[in-house]
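Reader: I am new to this one. Could you show it to me and talk me through it?
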Amino acid sequence: MNNSIFSFLKLVQFIVLLFLSSYCLAQISRLKENINDNWEYLELDLENVDQVHKQTNWVSVNLPHTWNNYDTMDLQPGYRRSSSWYKKNIQIEAITKDVVYDLYFEGANITTQVFINSKLVGKHVGGYIGFSFDISKELKIGNNEILVKVDNSYDPEIIPSQKSDFFIYGGITRDVWLIHKHKTNISDLKITTPDVSKEQGSLKLDIEISGLQKNEEYKVTAHLFEPNGKEIQKITEKILTNQLTLNLKDIAKPLLWDIDAPNLYTIEVVLLKSGKQIDRLSEKVGFRWFEFKKNGPFYLNGKRVLLRGTHRHEEHAGYGAAMPNELHRNDIKAIKEMGANFIRLAHYPQDPEVYKMCDELGILVWDELPWCRGGIGNENWKTNTKNMLSEIINQNYNHPSVIIWSLGNEIYWLPDFKDGDNEKKLNDFLEELNTLSHTLDPTRKTAIRKYYSGSDIVDVFSPSIWSGWYSGSYTTYEKALKKYIKEYTHFLHAEYGGSSHYGRHTENPIDGSGTMDQDGWTEAITQTSITNIAKIGDWSENYIVDLFDWHLKIAETNPSFVGNVQWAFKDFGTPLRPENDIPYVNQKGIMDREGNPKDAYYVFKSYWAKDPFVYIESHTWTERQGPKDTFRTINVFSNCDKVELFFEGKSLGAKKKDINKFPASGLTWDVLFKEGSNQLKAIGYKAGKKATDSLKVSYRYQKNDVAKSLSLSYEKIKNGNYLITAIAKDKEGLRCLDYEERVYFQCLSGGEAKKYLGTPMGSESIKMSNGKAQIEVIPNKENSTIEMMVLNQSFKGTYLTISK
């Protein structure tokens, strides 16, 4: 082919590609590309890019990622608080003057620097919230290198405080996106519903435009769609400045966003240049209004709603804070299935997927600034804290689920700076934050927990009430509620509960008066006078079941109460609790750290869930002992109207549920177990539907003696791994159901124990539950046997060989 013809064709091809690129940009408006995959990670604390480029020991990772997913759960004090580097190469096929490229991070903890082709494009201070950088100027056609330095080193000028009761995970802990958009674009869109009623509603759109060019004609069009997709309104206005407001009025009989019917409209805002679309944003909209009555309950859309809440920490066994979206969704679904309608995000804003799920499922949200302990800091601290609050509100503004911006938790406690607990300084800054919050968002309430001097500064206040755990007995809860409902204008009780060790049970749990009934058999865990159960209690699931059952009975029957928020939904990691039954795990969850329910989960379901169910307490308590001819009370937790219990195939009678009764809303039966195997079955009825549960209990009349040995056994489980079980036994070979000492597992060869998960079957150090402890082991392919050991101070070593 003639060279001139070939050159002409290449020129034509280039022009066509350029035209198509510009055309596609004009039509598609903006592209959002997830770039989580195929990153490289360097775990070195290096200062500059030149040093980084000399390194060769990169490892491949996908995002989200943290370097603390396992070291927080090992038995070494502390965890890695330092910096690391991430690297990724992206290909840019063409660059046009009308295209802007943004790199958007949903979250990186806790300070971040981003380099494109070795040039610094931006820094961000603070974790837990999204940020973006315009990287257009540093991009070139072809290969482009992204370098990211993330640092979670101790820094008292950045909240949360090191003294907080949770780990500060380092890394790029959420999704990362590459956004292509027109240089003239919609840079901000805030949506409010100024007027909402059952009869009509209105929308106010505050829009900010970036990159307006002189002598160009711009318009913006807003389209409103009903939840079924039907367009019901459209409005167009000329753009004269970079900020404008659109009002969509007279929306007749809007389908309200509610906890039971979370109707979501869609608003699409289109930016036009000379009649052609150059940008488009789409957001979900919920029409709702709410009110905290003075010294009274909470109302949503004109109806009283009892806030039934829980707390969520953003972490999971094996992942730390670097949770994929599927795990976020699983958590929120489980919370909704339990029947909760409220989540306090503890103690920081969380992944965008969490807010999206709450919008879609109808769960109200308390979003929290991570000012958690540490007192007030210096001027840099104040600037960082105000910036973070602004980022939180601006990012999560459009979510109908969010009703509260919390300004902190236990803020005066354990100050990081000299005079950091000065009450006047604290109040002055809290006033400043409160004003900032209401300026940025006049439509929502502010709150704080456990800072009494600031209770009249914010809109909603939660004192600290841990009846039956840190002090007193759980039967004092009603007295506390009556006191605080009168004392605080808008009182919402956040945090109550206590720790429980999965699978630990007792025939004699501490009762509501703080004492324990005896049946003639004194257990090692017996406490006859309890003043601080957190320190000297038994950590049994039975006690926590009773505690939550009592709290819920009181809350559900008080007509003036706003509601309470259980602490916490799942067990979570913390550097402050190395001696817990599972080291470095806060065990106040009603699920374990990987989402397996404890008995208390079913207590909440019995009050809150909609789909009929029954649960016999307890599926982790199948080996029991007691004197002959001693009746045992069996609790059945259910949301059914009527439940019938069967023992060995014979009915013990049907009972009606009555939440005014305690325990188990009156669904209790006294059963005289026989020695050996005992079969229980419960059948519940609700609105013509039936739910069932069954349980087999092995019961013995002989009390075990003191523990004399540990024995090991194993079973192969469905995933191909091995579950290793350690049992404490007496001289007769009986399982010591009262033995709760710590044991240590070690896989000596042939496999790898799941020892850094912080779960009941994923911890190398764990206290026994009724003389039993377990760990899961992944076998090596090349070895034919696995060698296991378990030991503690009393028993120097028990061994097990598994032939695969």
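**A strand and its neighbours**

Reader: Which residue in E10 is the bridge partner of Arg30?
Author: Strands here are DSSP runs of E with at least two residues, numbered from the N terminus. Strand E1 (residues 30-34) pairs with E10 in the antiparallel sense over five bridges, and strands count as paired if DSSP finds at least two bridges between them. In E10, the partner of Arg30 is Lys181.

Reader: What should I know about the model itself?
Author: This is a predicted model, where local features need pLDDT of at least 70, side-chain atom pairs count only at pLDDT 80 or more, and totals for chains, interfaces and linings use all residues. Residues are numbered from 1 along each chain as its sequence is written, and side-chain values use heavy atoms, leaving out hydrogens and water.

Reader: Which residue stands opposite Val176 in E10?
Author: Look at strand E5 (residues 99-105), which runs antiparallel to E10 and is joined to it by seven bridges. Opposite Val176 in E10 stands Phe105.

Reader: How many residues of strand E10 are buried?
Author: Buried means under 20% relative accessible area (1.4 Å probe, protein chains only). Strand E10 covers residues 176-182 and is largely enclosed by the rest of the structure, because the buried ones number seven of the seven.

Reader: And what percentage of the protein chain counts as buried?
Author: The C-alpha trace of the protein chain spans about 100 × 65 × 60 Å along its principal axes. Out of the chain's 804 residues, the share that counts as buried is 58%.

Terms used:
Buried < 20%, exposed > 50% of the residue type's maximum accessible area, 1.4 Å probe, protein only. Helix = DSSP H or I, 4+ residues; strand = E, 2+ residues; numbered from the N terminus.
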